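Please look over the sequence and the model shown below before reading on. The report that follows takes up the surface, the core and the charged contacts in turn.

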Amino acid sequence: MKITWFGHSCFRVETGSSVILIDPFLKGSPTFGKSGIAMGHPSPLDENGFAVAVQSDGKIVVAGDSQVFEGSFERVFMATRYTAAGALDTSFGDHGIAQMSFGPLDATAKVVLIQPDGKIVLGGTSSTTIN
């Protein structure tokens, strides 16, 4: 597997014969070309993806942060999971998105790992000041 980071929140994941483009700022209906999959923004809030992991069943987990609500400065850990076909996995978290708060202002997931038992582990930072 090869993961290429294109900056901010855009990643290209190559696994086997599949190439997947993950871009949370893609607007409109994504085009599923013959060489890959494009995935759009799962919610209207400001979100950032910083790490990607592929589970043994081919599901893709993107870790980062999200606003608590529109216009808020508070950020929380966020994990979003997609199916191997590129659709948002609505069986994960709340309609495909899991959020975790660790402090009153700022928390960001910077790393995602998949344990051998399939559990998802996020690592990152949390602070009481706005970064």
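## Surface, core and salt bridges

V121 counts as partly exposed because its relative accessibility is 32%, where buried means under 20% relative accessible area, exposed over 50%, and partly exposed in between (1.4 Å probe, protein chains only). This residue is found in strand β10, residues 120-127, and together with V111 and L113, V121 makes a nonpolar surface patch of about 230 Å². Patches are made of residues with over 30% relative accessible area and no salt bridge, like charges being joined within 9 Å and nonpolar side chains (Val, Leu, Ile, Met, Phe, Trp, Tyr) within 5 Å; accessible areas come from the Shrake-Rupley method with a 1.4 Å probe, and for residues only the protein chains shown count as cover.

This is a predicted model, in which local features need pLDDT of at least 70 and side-chain atom pairs count only at pLDDT 80 or more, while totals for chains, interfaces and linings use all residues. Residues are numbered from 1 along each chain as its sequence is written, and side-chain values use heavy atoms, with hydrogens and water left out.

The protein chain has 10 strands and 0 helices, these elements being DSSP runs numbered from the N terminus (helices H or I, at least four residues; strands E, at least two). Of the 131 residues of the protein chain, 39% count as buried.

In soluble globular proteins, nonpolar side chains tend to be buried together. Here the largest nonpolar core has 11 residues, namely A51, A53, V61, A63, F77, A79, F92, A98, A107, A109 and V112; such a core is a set of buried Ala, Val, Leu, Ile, Met, Phe, Trp, Tyr and Cys residues joined through side-chain atoms within 4.5 Å. At least two residues of this core come from each of β5, β6, β7 and β9 (106-114), and the largest share, 3 residues, is supplied by β9.

Strand β7 also contains V76, which counts as buried because its relative accessibility is 5%. The C-alpha atoms of V76 and S66 are separated by 5.5 Å, although the two residues lie 10 residues apart along the chain.

Turning to the charged side chains, a search of the whole structure finds 3 salt bridges, each defined as a side-chain nitrogen of Lys or Arg within 4 Å of a carboxyl oxygen of Asp or Glu.

| Salt bridge | N to O distance |
|---|---|
| K59 with D89 | 3.3 Å |
| R75 with D65 | 3.1 Å |
| R81 with D89 | 2.7 Å |

The salt bridge of K59 with D89 links distant parts of the chain, K59 being in the loop between β5 (47-54) and β6 (60-67) and D89 in the loop between β7 (75-82) and β8 (97-100), 30 residues apart. K59 counts as partly exposed because its relative accessibility is 22%, whereas D89 is buried, with a relative accessible area of 5%. R81 is buried as well, and salt bridges that share partners join K59, R81 and D89 into one network.

A further contact involves K110, whose charged end sits over the ring of F50, 4.2 Å from its centre; this requires NZ of Lys or CZ of Arg within 6 Å of the ring centre and within 35 degrees of the ring normal.
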